[in-house]
Amino acid sequence: MGIKAQPGVMDIALYKGGKSHVDGVENVLKLSSNENPFGPSVAAKEALVRASHTLHRYPSTDHAGLRAAIGDVWGLDPERIICGNGSGEVLMMIAQAFAGKGDEVLFTEHGFAMYPIYANANGAKPVVVSERERVVDVDALLAACTKKTKVVYIANPANPTGTMIGEADMERLADGLPDGAILVLDGAYAEYVGGYDAGKSLVESRNNVIMTRTFSKIYGLGGLRIGYGYANQEIIDMLMRIRGPFNLSAPALAAAEAAMRDVAHTEKCRTDNAKQRDWMAGALAELGLPSDTSTANFILVRFASEDEAMACNDHLMTQGILVRLVAGYGLPNCLRITVGDEASCRRVVHAIGQFKGTKKDLDA
Ligand SMILES: *Cc1c(COP(=O)(O)O)cnc(C)c1O
């Protein structure tokens, strides 16, 4: 066949999502994709149903209603917001607009698996930078920058580590980038961090920063695909040119707008998550399984070895519990466990306790 993909395309390894079923097991508990155990707000579901009556109409192309809602709730300028089909689409548009052949796209060692895909899909070179003890290392990132660096992706909090860097580090990173490089602050989990502005002030005080947010995590709307980016006007104007005019469906826009305005639901999800997460991390630590302090809706549990992590994963599967293997993220001795509701957290801790008990018996 004479048809060839563009350079980089065949270097992309297909993304593997979290598992969602176990053969022969009913009542599966899915803690593998960082989904909100409470689901979306009731208001969002009602808006979705209402939108079903006008499905013959094309959706809004300017997303004005949703951008206004986001602006009201987070104090952002709606003119500087771009909405995407999941934040993934915004992250991809950034690479499309700013990185191509001969350019470099930076991200860190345990960074989100989609970042190299965005680079390769656009013919740019993915550059992996080391972290320091599972935390983004600003010095290492700055040291890795060259004249070819065009995009730097970091998630804050990061997935799958759950760790964060502080305001001063983010500022140092933004200010230290070479001319022509853009810092992308992926804020997929930002709403879980009380009092964190997700990079808003950095965006508003610099012209080389874009933050992205999603409705897939705390808003419980992963199935609908909605996200957004926030940057200065010129950057948004560049991205708008490559955005598809109907990239968000009308039901998605309606549900997202209602979800955004239901701040009580968001707040309930945030506080419950923090409570269950801290309980689960503490209970697992007591079982001899440490994790870094997480600011997100999952914890990265460390085992003594890759074998132990795999064995625990196998045991959880027999109990119908799905967690995320993260060997592909360079963390073979870890499991990433999404914070569920109280009953789910108890169920997974109980099962891991069983596993540790069994293992102790075998060791004895
Ligand atoms: C889940 C996640 C996203 C969200 O992607 P969507 O396309 O908005 O569903 C983005 N970045 C990271 C690091 C994530 O973990």
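Throughout these legends, two residues are in contact when heavy atoms of theirs lie within 4.5 Å. The model is predicted, and local features are described where pLDDT is at least 70, side-chain atom pairs count only at pLDDT 80 or more, and totals for chains, interfaces and linings use all residues. Residues are numbered from 1 along each chain as its sequence is written, and side-chain values use heavy atoms, with hydrogens and water left out.

View 1. Gly65 is 192 residues away along the chain, yet its C-alpha atom and that of Glu257 are separated by 6.9 Å. Glu257 counts as partly exposed because its relative accessibility is 29%; buried means under 20% relative accessible area, exposed means over 50%, and partly exposed lies in between, using a 1.4 Å probe and protein chains only.

**View 2. The open sheet of seven strands**. Two strands are taken to pair if DSSP finds at least two bridges between them. The edges belong to β2 (81–84) and β4 (125–129); each has a single partner strand, so one side of each has no neighbour in the sheet. Neighbouring strands are turned against each other by 20° on average, direction ignored. Helix α8 (residues 233–242) packs on this sheet and touches β2, β6 (182–186), β7 and β8. The direction of helix α8 makes about 30° with that of β2; axes are lines fitted to C-alpha atoms, for helices over the stretch in contact, and angles run from 0 to 180 degrees between N-to-C directions.

View 3. Strands β6 and β7 run parallel and are joined by four bridges, with Val184 standing opposite Ile210 in β7. With β8 (residues 227–230), β7 (residues 209–214) pairs in the antiparallel sense, again over four bridges. Here, Met211 has Tyr230 of β8 as its bridge partner. Six of the six residues of β7 are buried. Val209, Met211 and Arg213 point one way from the strand, while Ile210, Thr212 and Thr214 point the other way.

**View 4. The ligand and its surroundings**. The ligand is surrounded by 13 residues, and the closest are Asp186, Tyr189, Thr214, Ser216 and Lys217; a residue is near a molecule or strand if one of its heavy atoms lies within 4 Å of it. Have a look at the side chain of Thr214, where an N or O atom is 2.5 Å from an oxygen atom of the ligand. The side chain of Arg225 also has an N or O atom 2.6 Å from a ligand oxygen. For Lys217, a polar side-chain atom lies 3.3 Å from an oxygen atom of the ligand.

**View 5. Lys217 in the loop between β7 and β8**. The UniProt record, an unreviewed entry, places "modified residue: N6-(pyridoxal phosphate)lysine" at Lys217; UniProt positions follow the numbering used here, feature names are shortened, and annotations may be inferred rather than shown by experiment. Lys217 counts as buried because its relative accessibility is 14%. Beyond its neighbours within four places in sequence, Lys217 is in contact with Ser33, Asn34, Asn36, Ala188, Tyr189 and Tyr192. The side chains of Lys217 and Tyr189 are also joined by a polar contact of 3.1 Å; such a contact is a pair of N or O atoms within 3.5 Å, where within protein one must be able to donate a hydrogen and the other to accept it, and residues adjacent in sequence count only if both atoms are side-chain atoms.

**View 6. Glu308 in helix α11**. Helix α11 spans residues 306–318 and includes Glu308. At 3.0 Å, the side chain of Glu308 reaches the backbone nitrogen of Ala304. Glu308 also touches Phe303, Phe355, Lys356 and Lys359, not counting residues up to four places away in sequence. With 6% relative accessibility, Glu308 counts as buried.

Technical notes. Helix = DSSP H or I, 4+ residues; strand = E, 2+ residues; numbered from the N terminus.
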